[in-house]
Amino acid sequence: FGGLLCSAVGTMPQRATLLALVLVAPAHVTGVTYLSGAESGGLGTALFGGGSSSDDCTSGFLDAVFSAADPSLEADTLSVARCGLTAASLPEDDILIFAGGHDSSGYLDTVDVYRATKRDTSDSAAALALTGKRAYPVGAADSTTHTIFITGGFEQQRFTYIKSDGVDMFRAAGEDGAVVQYSAPPMPLGGICFHGAAATEGALWVGGGTGDYGMSNVVQVLDVGADADAAAWRSADVTPRLSSNRTRLAAASLSTDDCPAVSSSPVVCFAGGEGDDDNEEDDEGSRWACSGSLCMSTAVDCFDAVTGEAVETGVKLTEARSRLVGVAVGCTIVFAGGKTLDGYSSRVDAFDFSDPASGPYSYTSELSAERADLAAARSGSSEAMFVGGMDDSGVVDVVDTWSPSEFRATGGSAESAVF
């Protein structure tokens, strides 16, 4: 649906623990894709919401908000059933936002605010809305400035659709912690979709994606201080660049709060994605796998979140792919799943930055099922969860829990799993 329109137009760490479960969906659903999730600070686990039971996101819209880790938690619902939404959270403020998406009527500007298990239905929360009706935006959150960002995507304007240059910002304010919305200046390079976005140390990083002039390698950086109204994009002469133009990539960042080891140089990384055959013969040709005019990337581009300079890590994905997800757990950035040239991926590539002097230590594991367009979120301080997605057979009903400890993978059944 909107995603198709958008792409057409435009100390040595231990091994990873991976516990696989089969997702128990609401009675009318057996799998879900195009959902989103983020960590709930009040619960210490991840909440996931929305999505579709159809692999093209044109029907079977879902409104469930659930914990994939703890079935005893009382479930709630979104205010509107929808897919193609995004989520981001400030766990320390007990704020989780689901924003945007679409249903059968079109694109939505809906913003749902959650505190622990329940949607905030106060007047202040009910008044929130994105500055445009957008599907497939990308969310990010910065614990330093206590800011949630909802970026880009595809925007509906009357009877036409455009790539969005919008960035909406949300913060907790006042003694009651009411969520206040701010509008950032539009992205300097115009509308963009299928980009990567991450935030840390007072800045939002938006990289790659598809814009009005094709795929991009530009990383746009928005500096945000205590005064949200003074947020400003860095000038073009200091704008970082990815190693290549690519879209449908993933991003994740490390904060000094979660990883004190990077206090002098917190990092933001962009991984994977797809491009065209112009990339096959470039200086980094070894980072691409191509078939015809379509190429998939293994590149992992990292930047110092303070200076904006590229960080030469020497790492890359072990499998070229796009439509993957990224998440940070402690000092580790993890990229999982995705679409390869030949099918779908179960690969999990993890990069541990706990020893900056020696550079990141990389290691791999596997999801229990190959899939793309899945959702990922940190769950507590030491785990990440990967939920749903799609493969050649359609939507996927699997939940994987990952943590940097002893590797373990087990199968489950629908009866024993959680949703």
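There are 4 disulfides in this structure, a disulfide being a pair of cysteine sulfur atoms within 2.5 Å. Keep in mind that this is a predicted model, where local features need pLDDT of at least 70, side-chain atom pairs count only at pLDDT 80 or more, and totals for chains, interfaces and linings use all residues. Residues are numbered from 1 along each chain as its sequence is written, and side-chain values use heavy atoms, with hydrogens and water left out.

**Cys259 and Cys331**
- The sulfur atoms of Cys259 and Cys331 sit 2.0 Å apart, making a disulfide.
- Its S-S torsion is about 105°, so the Cys259 and Cys331 link is right-handed.
- This pair ties together distant parts of the chain, 72 residues apart: Cys259 is in the loop between β26 (250–253) and β27 (267–271), and Cys331 is in the loop between β33 (325–329) and β34 (332–336). Strands here are DSSP runs (E, at least two residues), numbered from the N terminus.
- Cys259 and Cys331 are both buried; buried means under 20% relative accessible area, exposed over 50%, and partly exposed in between (1.4 Å probe, protein chains only).

**Cys269 and Cys302**
- Cys269 is joined to Cys302 by a disulfide, with 2.1 Å from S to S.
- Here too the pair links distant parts of the chain, with Cys269 in strand β27 and Cys302 in strand β31 (residues 300–304), 33 residues apart.
- The torsion about this S-S bond is about 105°, so the Cys269 and Cys302 disulfide is right-handed.
- Cys269 and Cys302 are both buried.

**Cys290 and Cys295**
- Cys290 and Cys295 make a disulfide with sulfur atoms 2.0 Å apart, and it is right-handed, with 105° about the S-S bond.
- Cys290 is partly exposed, at 23% relative accessible area, whereas Cys295 is buried at 0%.

**The second largest pocket**
- The second largest pocket has a volume of about 200 Å³. A pocket is an open set of points on a 1 Å grid over the protein atoms alone, where a 1.4 Å probe fits, with protein on both sides within 12 Å along at least five of seven lines; its volume is the space filled by probe spheres set on the points.
- Its lining counts 15 residues, with Arg287, Asp301, Ala310, Val311 and Glu312 nearest the centre; lining residues have an atom within 4 Å of a point.
- Strands β31 and β32 (310–311) are the elements giving two or more residues to this lining, and β31 supplies the largest share, 4 residues.
- By class, the lining has 7 nonpolar, 3 polar and 5 charged residues. Ala, Val, Leu, Ile, Met, Phe, Trp, Tyr, Cys and Pro count as nonpolar, Asp, Glu, Lys and Arg as charged, and the others, Gly among them, as polar.
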